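Let's take a friendly walk through this protein model. Have the chain open beside you as you read.

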Amino acid sequence: MVFIPHGTDAPIYHPPIATLTIVVLNVLLFFATPFVHHFQEFDQAHRRLGHTIADWTFEGGGYDGPDAYKLQYGVGLKPWQGITSTFLHANMIHLLINMVFLWMFGMIVEGKIGWPRFLAIYFGIALLRGILAQLFCIIFLPNLHTASMGASSVVFGLMGIALVWAPLNTIQVTFAGNRYRTQQEVSEVDVPIYGFAGCFLLIEVIYTLAMLQRHGIIAPTAHTLHLLGTILGLAIGVVMVKRNWVDCEHYDIFSVWAGRHTMKPEERDPEGVARKQAKVVEQGVKQIREILAAGDNPQLAYRAHISMREKYASWSLPEKEFLIIIKQLCDQQYENDAVAAMEEYLKAGRPKQNQVRLKLASMLVGSMAQPGQALRTLVAINYDKLSHRERQIYDDISAKAKARRMNNAAANELEF
């Protein structure tokens, strides 16, 4: 059975530029020397090309570099080897597996934070796991003389970060193999990151405990280095979430555990939502003021107000701007919008009720030719609170409305 992880539903906000670059560099470094080294001795070592390629692919034929670039134990502390060793692989299978998983988890991590911080995390894990492994051997295994290489421990670190940042997101895995030993089958399954990572971590823990039980000590094997990389990744992931250095949209492991990923934004963070809305409202008022200052498109200003009113419950157009919109709509003869704006103003119970009713009644009795509606609008006005000039306007509108209503009634009688 063969399985290949190849996709994810985790949100990718940044293209995985650094991840792809690291994959390409690993491949280029792997193929840089083996062609020359192996095929020069092809005639002496093997008579068939296929045999040479098979050895190179499956039996460690790849160029694993000078010892100085491996992560060496028993030769002191050499921090740079933690980084250089990640670009060395023993054979093509070793390289292929590491690169597939690097692409998978690198894409998830880099997709959330971008390439600069991703590179810092990637090489930070490589450097730290190298220093810690070498220090462990210096203190507890001074007679050990061996070396390790490969990017797998850093990949496990990225897997640990993905486990913290996106445990419920899934990885698309394609399985291929024989079913019941007779039927070849290919299937695709979506596996949650917590399940995918959990299986691999469980395997590494089992192997490490088995080694501890058998030998009584933990040595820097592939399994222990994988666990070390995972621990570093988990620590980095937790710190970045707790310090709000990464936005996991409440799908990080802590939010999932607390159930915040199922809450509405206003339930998770009412204060944060209120602050965000206040900022948007402020920007909306600023935009409307700029439109009104230009003076040539009050309809656009009114549409912006309507849009903000429908989206945000906290939206309230300031009194001054509301009255300017009404005035500009009336002056530029956008009658339908002007009436709608004035009716909204009156329903809201704003301060200038009498003045806006006079303006509405004047428009109704004039260009809109609705004297009856104009009179009904005037009825709601408190006449005693009008100024002397406003009373004159009121009386004039009332007289016009009554005269036109009588004229309309007389015309209707003649037609009858």
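## The chain as a whole

Among contacts (heavy atoms within 4.5 Å) between residues at least 6 apart in sequence, 69% join residues at least 24 apart in the protein chain. This is a predicted model, in which local features need pLDDT of at least 70 and side-chain atom pairs count only at pLDDT 80 or more, while totals for chains, interfaces and linings use all residues. Residues are numbered from 1 along each chain as its sequence is written, and side-chain values use heavy atoms, with hydrogens and water left out.

The secondary structure comes to 19 helices and five strands; these are DSSP runs numbered from the N terminus, with helices being H or I of at least four residues and strands E of at least two. Of the 416 residues in the protein chain, 40% are buried (under 20% relative accessible area, with exposed over 50% and partly exposed in between, for a 1.4 Å probe and protein chains only). The chain exposes about 23,500 Å², and carbon and sulfur atoms supply 59% of that area (Shrake-Rupley method, 1.4 Å probe).

## The largest pocket

The largest pocket has a volume of about 460 Å³. A pocket here is an open set of points on a 1 Å grid over the protein atoms alone, where a 1.4 Å probe fits, with protein on both sides within 12 Å along at least five of seven lines; lining residues have an atom within 4 Å of a point. The volume is the space filled by probe spheres set on the points, which are joined across faces, edges and corners.

There are 23 lining residues, and the closest to the pocket centre are Ile 97, Asn 98, Ser 152, Phe 156 and His 226. Helices H6 (92-113), H8 (152-165), H9 (193-215) and H10 (222-242) each give two or more residues to the lining.

## A buried arginine

Look next at Arg 357, in helix H17 (residues 353-365). Arg 357 is buried yet has no salt bridge (a side-chain nitrogen of Lys or Arg within 4 Å of a carboxyl oxygen of Asp or Glu). The nearest side chain of opposite charge, Glu 343, is 9.1 Å away; Lys and Arg count as positive and Asp and Glu as negative, with His and the chain ends not counted.

Leaving aside neighbours within four places in sequence, Arg 357 is in contact with Leu 346, Thr 377, Ala 380 and Ile 381.

## Two loop residues with positive phi

Most residues other than glycine have a negative phi. Glu 249, in the loop between H10 and helix H11 (253-258), has a positive phi of about 55 degrees. Glu 249 counts as partly exposed because its relative accessibility is 37%.

Ala 369 sits in the loop between H17 and helix H18 (371-379), and its phi is also positive, near 55 degrees. With a relative accessible area of 54%, Ala 369 is exposed.
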